Amino acid sequence: MSGLRASNRDALAEPLGRGVVALGLDLSEAAQQQLLAYMAMIQKWTRVYNLTAVRDPNEMLTHHLLDSLSALPPLLRHTQGQSTRILDVGSGGGLPGVVLAICRPEVQVTCVDTVGKKAAFIQQVAASLRLPNLRGLQARVESVQEEYDVICSRAFASLKDFTQWSQKARSAQGVWMAMKGKRPDEEIADLPAQVQVFHVERLTVPGLDAERCMVWMRHALASE
């Protein structure tokens, strides 16, 4: 299917608005229109670069936009509106990184992926939607030199691999924020002693009948 036509975008505006309200978010009309424009870009680029296996606009709304938006309330509770540097690992088409950048101008989001075409797509999104707080980076996360306050991922890898591969990119007080399906108890048990899970919370995605959770982790202090 080609990108979202204006009529399709208008049809999705109402369910997106309902989802935003259900999540308790206060998003401007402009931000919601940017989210729909981003979704249209995913559809357009997917024809060539295979950014996502989900092609139906309604499924994209729930499985991509609303699913990523469900990470916003927990993130806001953590950042308290402060300027925050976020690294989205294995970002692919920019989920949830682009969504976070659209909704929160005070956060600086870097979406890192090993695939050059995916990083280029993020750069195109940043330019097209005029998002100075978003950038795409082609690299292995192990090679990232900059430090970030929040390192996030969405269905990227096991918690052990995610934290191990990205540990050099975490600032001294930085945390990991992993979006998962059902609570990954086996993965949590497999974490090394120096990684501490300090919170696991359930995420409810409007219109999506599936288990979702957020796993928060930090580096354990030597005294703990």
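Tutor: K180 counts as buried, at 14% relative accessibility (buried means under 20% relative accessible area, exposed over 50%, partly exposed in between, with a 1.4 Å probe and protein chains only). Its side chain meets that of E187 in a salt bridge, 3.0 Å from N to O. Here a salt bridge is a side-chain nitrogen of Lys or Arg within 4 Å of a carboxyl oxygen of Asp or Glu. E187 is partly exposed, at 26% relative accessibility.

This is a predicted model: local features need pLDDT of at least 70, side-chain atom pairs count only at pLDDT 80 or more, and totals for chains, interfaces and linings use all residues. Residues are numbered from 1 along each chain as its sequence is written, and side-chain values use heavy atoms, without hydrogens and water.

By the salt-bridge rule, the count comes to 10. Now take D67. D67 is buried, with a relative accessible area of 3%. The side chains of D67 and R212 form a salt bridge at 2.8 Å, N to O. D67 sits in helix α3 and R212 in strand β7 (residues 212–219), so this pair ties together parts 145 residues apart in sequence. Helices (H or I, at least four residues) and strands (E, at least two) are DSSP runs, numbered from the N terminus.

R154 also meets D67 in a salt bridge, 2.8 Å from N to O. That pair links distant parts of the chain: R154 is in strand β4 (residues 148–154), D67 in helix α3 (residues 57–69), and they are 87 residues apart. Together, D67, R154 and R212 are linked in a network of salt bridges.
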